[in-house]
Structures are given as structure tokens and as C-alpha cells.
Amino acid sequence: MCFLCDLKTSSESASAQLTSTAPTENRWHPRRGFLLAAGAAAAAPVLAQVDVGSASSVRTLVPAEQMEASAKQQYSQVLTEAKSKNALAPNDHPQLKRLHGIARRLIPFTAQWNPRVAEWRWEVNLIGSKQLNAWCMPGGKIAFYTGILDQLQLTDDEIAMIMGHEMAHALREHARERLAKSKVTSIGLSVASTLLGLGQLGDVAANLGTQLLTLKYSRDDETEADLVGLEIAARGGFWPEASVNLWKKMLGANGNGSPSFLSTHPSGSNRIQELQANLPKVQHLYEQAKQG
Ligand SMILES: [Zn+2]
């Protein structure tokens, strides 16, 4: 999964203190990092250029509303924990402003992939951690770790490819799909109670959150996220070939201790070839965006 693969480790390693200038009074608000209620209605209907088929139908076994409510709660917990360790970037942090600027260019092109986006409130936060990681929870709750920005020396185009990839996991509801499939194969108590409407809502949401942390994406999910993310980024005016450069960097970094990102996003050996094969499909979107 794109979620923190190990919450405990991440908090322990949140050693990159982001700011010593944070105000002592608690100005923090859970809605910080909020970008825009993604009506994103400005985006005209557009035809997808990459071919990823329809989203898995098994995912409908799990209510989307509950996934998103649970993710919202989980996201809030992550931010609170980071904040308590002085590892949550303030809104005026240059790297966070950079992330927000990139997100604003991508969000208008998300609605075509999932009508639920109309109800989402996208958020992007930056967490001080040496982990090479980034994720987007259901409902558009995004986090980047300073480790992935700093250690890979990411360009804006490369960041856009990661962000597009993470957004694509949420848009294609891969977490919901994983959870539904895990229910089909081995009915976890918390998931079953969710599906049957048992228990109190708070408990259900908490249990679901725990489930989320243990989920992993499949290689098919990864391919989908790569291609959908590539298209969203191209429409936002980001250089498509940066996707190939990004994965070369990521796989190179894998030799020096496995990035958290790759443990939750399994990489097929053909990942780069697949992206390269799809570059021609999105090149014109990039050129149009640059002209526009
Ligand atoms: Zn992924």
C-alpha cells in the first residue's frame, strides 16, 4: 500500500526536524494542507489516452464512503503524530509550497478517472522522515516524505510523476479493491463487520484503518497507477519522459537499502519499458498543456 508501511518505524525515523521556527502556540488545524474541494469542474470531459480498462468490480464489496472516512481518520492520525514530533512541514515550507503547486496542476485532470472526486477534498502534506516514501489515501489524502525529495533530488516533473502515480491509486480505488479481495479470500473480522454493518461506526473505521496499513498493491495496480499517473501529469504540463528517469532513480536507490516506496509498490522488471511504450500516447497532451 501507499500508506505508511510501518507507522512505528516511520515515526521513529521522523528525525528530519522540519522547522525550528514553528510557533509555540498550536496553530495547527487538521485541515491544513487543504488544496481545493475538488469540484475540479473546470476539466472538460476528456478521453483517456492510456489503456487500463475498467476498475475492478470486486471493489464495490466495500463501501467507498467507509474507505474514505477511514482514510480521513488515518490521515489525521498520521499528521497529528508527525506534528507531535515537529516533523510536519508548515504551510510556508518551500518544499511543501512546491508540492502544492504541482498538485494544483494535476487535480483538474483527476475527475475523469473517478466521479467520486467531486466529493473529495485533496490534501497534500510533507513529513520530515528519511524514508523514501509517498502515498495517497482514498479520498485524496497525500503525503510526501522529505527523504524521497532530498535523496532522489527530484525535479518538479519527477515529483509530478510520483504524485500522479499516487493519485491514480486513489482514483482507481486500489485500496478498496485490495480490501475487498482480502475479504473474499480470508474474511478478516474487522472487514467482515464492516461489510455486514456490525459494530459501532467508530470501531469499524478504526479497524478498517488498521487493515489499510497492511495492504499492498499488486503489480497490475502498479502498472495502472504508472500509466494513469503519467497521463494526469502530462495533462498538467509535466514532461512525460521524467517518469522513466524517476524509476531509474528509484531502482538505483533500491541498491542502497530498499526504499519504503518499493516495499509497498512492487516494481515489475518491465515497468520502465511499459512507461516508455506509453510516452507517445501522452506526448501531445504535454505539448498542448505547454502551449496552453
Ligand atoms: Zn504504486
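Reply: Two residues are in contact if their C-beta atoms, placed from the backbone, lie within 7 Å. Among the contacts in the chain with a separation of 6 or more, 82% are between residues 24 or more positions apart. The model is predicted: local features need pLDDT of at least 70, side-chain atom pairs count only at pLDDT 80 or more, and totals for chains, interfaces and linings use all residues. Residues are numbered from 1 along each chain as its sequence is written.

Me: How many helices and strands does the chain have?

Reply: The chain has 12 helices and four strands, taken as DSSP runs (H or I, at least four residues, for helices; E, at least two, for strands) and numbered from the N terminus.

Me: What makes helix 5 oblique to helix 9?

Reply: Helix 5 (residues 156-171) and helix 9 (residues 219-235) pack at about 120°, and their axes are 7 Å apart. Axes are lines fitted to C-alpha atoms, for helices over the stretch in contact, and angles run from 0 to 180 degrees between N-to-C directions. Angles under 35 degrees count as roughly parallel, over 145 as roughly antiparallel, 65 to 115 as roughly perpendicular and the rest as oblique. Helix 5 is therefore oblique to helix 9.

Me: Which classes of residue form the contact of helix 5 with helix 9?

Reply: The residues in this contact include M161, G164 and H165 of helix 5 and E224, V228 and I232 of helix 9. By class, the contact has 10 nonpolar, four polar and three charged residues. Ala, Val, Leu, Ile, Met, Phe, Trp, Tyr, Cys and Pro count as nonpolar, Asp, Glu, Lys and Arg as charged, and the others, Gly among them, as polar.

Me: Why is helix 5 called roughly perpendicular to helix 10?

Reply: The axes of helix 5 and helix 10 (residues 242-253) cross at roughly 85° and come within 9 Å. Helix 5 is therefore roughly perpendicular to helix 10. D157, E158, M161 and I162 of helix 5 meet A242, S243, N245 and L246 of helix 10.

Me: Is E173 buried or exposed?

Reply: A residue is buried if 20 or more other C-beta atoms lie within 10 Å of its own, exposed if 12 or fewer, and partly exposed in between. E173 has 23 other C-beta atoms within 10 Å and is therefore buried. E173 lies in the loop between helix 5 and helix 6 (174-185).

Me: Why does N86 count as partly exposed?

Reply: N86 has 13 C-beta neighbours inside 10 Å, so N86 counts as partly exposed. N86 is in the loop between helix 2 and helix 3 (94-106), and its phi is positive, about 55°, although N86 is not a glycine.
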